[in-house]
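Have a look at the sequence and the fold before the questions start.

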Amino acid sequence: MDKKEIFEMVVSEMTENAVQELRETSEEQEQLCKEVGELAGKRQAVLEKLSPEDRQVLEDYLTKTNLVADHDCQHLYVQGAKDCVELLKKLGVL
């Protein structure tokens with residue numbers, strides 16, 4: 001495992017931990033997650049009404065959308081750390 005892979009793994013774990021903490025401490029986030037869970041069942045019922053080809057297109061779209069959101073989240077986490085260091089340097093803390 002090279003340094004980049006280790007870094008990506010650490011960022012991924014830290015991001016997941018932060019999201020889990022948010023879900024445990026935010027009633028609004030907890031409610032949103034509950035609603036998403038309920039919608040997942042409805043989504044499955046809708047998908048079953050589609051042709052296999054249309055179902056696959058929609059599933060592929062949802063998978064790719066979630067992957068893009070995950071990459072965006074990881075990028076923003078790293079960018080936030082960089083911004084924090086830059087701010088601390090400008091304040092003379094570092």
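Q: Which helix gives the most to the lining of the second largest pocket?
A: That's α2, residues 27-48, with 5 residues in the lining. Keep in mind that this is a predicted model.

Q: What makes a residue part of the lining of the second largest pocket, and which residues are they?
A: A lining residue needs an atom within 4 Å of a pocket point. Here R23, C33, V36, L39, A40, R43 and N66 make the list. The pocket has a volume of about 220 Å³, and by class its lining has 4 nonpolar, 1 polar and 2 charged residues.

Q: What lines the largest pocket?
A: The lining is S12, T15, E16, V19, Q20, R23, N66, A69, D70, C73 and Q74, around a volume of about 280 Å³. α1 (3-25) and α3 (52-90) each supply at least two of the lining residues, with α1 giving the most, 6 residues. By class, you get 3 nonpolar, 5 polar and 3 charged residues.

Q: How do you know that the span of α1 agrees with its number of residues?
A: The expected span is 1.5 Å times one less than the number of residues. For the 23 residues of α1 that should be 33 Å, and the end C-alpha atoms are 33 Å apart, so the two agree.

Q: Why are V11, S12 and T15 of α1 called buried?
A: Buried means under 20% relative accessible area, and V11, S12 and T15 are classed that way. The buried residues of α1 pack against α3.

How values were computed: Residues numbered from 1 in each chain as written. Predicted model: local features only at pLDDT ≥ 70, side-chain atom pairs only at ≥ 80, totals over all residues. Heavy atoms only, no water. 1 Å grid on protein atoms, 1.4 Å probe; cavity = no way out; pocket = protein on both sides within 12 Å on 5 of 7 lines; lining within 4 Å. Points joined across faces, edges and corners; volume = space filled by probe spheres on them. Helix = DSSP H or I, 4+ residues; strand = E, 2+ residues; numbered from the N terminus. Nonpolar A, V, L, I, M, F, W, Y, C, P; charged D, E, K, R; others polar. Buried < 20%, exposed > 50% of the residue type's maximum accessible area, 1.4 Å probe, protein only. Contact = heavy atoms within 4.5 Å.
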